[in-house]
Amino acid sequence: MGIGGNLMWTSLAYEIFKKHNKKVIFYYKNEIFKPFIFCNNPHIAFIPNKNNIVVDISFKILPEMYTKKKWKIENHTIFYRCNYFGYNNPLIKCHLFPTKNENKRILNIVKNLSEEFIIIEPHAKKDWCAHKQYPLNKWQNIVNEISKIIPIVQMSLPGHKLLDNVIDISKKIRNFREACFMLRHCKLFISTEGGLMHGCNAVGGKCLMIYPPIFDPKWTKYEDTEYIWVKNENHFNCFQTGYCKECSNIMNNHDENIIINKIKETINR
């Protein structure tokens, strides 16, 4: 379960709190589950008491999957998770709450940037799905064109390749939470589908996501998510983790001008 997957559990906490006015304690493998992204969330607690509701999320197969190789893609992951616990019409939204210090730190970074800017993260998380990566040479072509219109900020983990014609803030962002809170200040966030998409939704930011063929975007995208599903008529929804040669070939042969035009359309809308 990645950070984005963890963040989607905040929707269930919100639904439970809304109905019962009680905070939720998540358990995972018989221990209180307290990832950093749950910090400061008014719907979640970490110390048991009689006023809390306990939820065990220690599943071998998550509610959004039939099996590990067959996923339920007819609805959003949040729908399936909330539905499993009896909440049948959930708000499809993540929830993330900054501390005063986090707000102050991010504002200090933003004040040194242009009034309007785009943030990109061209590096996909590849440990569970190598074919999520959109080619960096195509990313560079996208940046070369869009940077003529609006400043582009790159926000990647330190040590990852830095593209030309970008403003680098990678070393100023210390963790995932700070990265998410940066996204509420940009005109548009562009990346491949992943954890920061959920974080962008949680803070009310606007994003354009590149989806690889592996699964239908409706499984994770939000109502206001702009997206491009890179697939062809013969290969999509393969649910192949690790490495898929067909997915990689499709990503490598994709025309980046489709993304360039989508960005222009989105920022001019």
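I count two strands as paired if DSSP finds at least two bridges between them. Helices (H or I, at least four residues) and strands (E, at least two) are DSSP runs, which I number from the N terminus.

**Entry 1: source.** I am working on a predicted model, where local features need pLDDT of at least 70 and side-chain atom pairs count only at pLDDT 80 or more, while totals for chains, interfaces and linings use all residues. Residues are numbered from 1 along each chain as its sequence is written, and side-chain values use heavy atoms, with hydrogens and water left out.

**Entry 2: six-strand sheet.** I looked up the strand order and found β8-β7-β6-β9-β10-β11, an open sheet of 6 strands with parallel pairing. At its edges stand β8 (167-168) and β11 (226-229); each has a single partner strand, so one side of each has no neighbour in the sheet. Leucine 208 in β10 is the bridge partner of isoleucine 190.

Entry 3: For contact I use heavy atoms within 4.5 Å. Axes are lines fitted to C-alpha atoms, for helices over the stretch in contact, and angles run from 0 to 180 degrees between N-to-C directions. Helix α4 (residues 136-146) lies across β6 (118-121), β7 (152-154), β9 and β10, and runs at about 170° to β6. Helix α8 (residues 256-268) also packs on the sheet; it touches β6, β9, β10 and β11, and its direction makes about 165° with that of β11.

I next looked at the two helices together. The axes of α4 and α8 come within 9 Å and cross at roughly 35°. The crossing is right-handed, meaning that the near helix is turned clockwise from the far one by less than a right angle. On the α4 side the contact is made by Lys138, Asn141, Ile142, Glu145 and Ile146, and on the α8 side by Glu256, Ile259, Ile260, Ile263 and Lys264. By class I get 5 nonpolar, 1 polar and 4 charged residues in this contact. Here Ala, Val, Leu, Ile, Met, Phe, Trp, Tyr, Cys and Pro count as nonpolar, Asp, Glu, Lys and Arg as charged, and the others, Gly among them, as polar.

**Entry 4: three-strand sheet.** This open sheet has the order β2-β1-β3 with mixed pairing. Its edge strands, β2 and β3, each pair on one side only. β1 (residues 24-28) and β3 (residues 53-56) are parallel over 4 bridges, with isoleucine 25 opposite valine 54 and phenylalanine 26 opposite valine 55. β1 is antiparallel to β2 (residues 31-32) over 2 bridges. These two strands form a hairpin with 2 residues between them, and lysine 29 in the turn has a positive phi of about 55°. Helix α1 lies across β1 and β3, at about 140° to β1.

**Entry 5: largest pocket.** A pocket is an open set of points on a 1 Å grid over the protein atoms alone, where a 1.4 Å probe fits, with protein on both sides within 12 Å along at least five of seven lines; lining residues have an atom within 4 Å of a point. Grid points are joined across faces, edges and corners, and a volume is the space filled by probe spheres set on the points. The largest pocket holds about 1300 Å³. Of its 50 lining residues, Gly2, Ile3, Gly4, Lys125 and Trp128 are the closest to the centre. The lining divides into 24 nonpolar, 16 polar and 10 charged residues.
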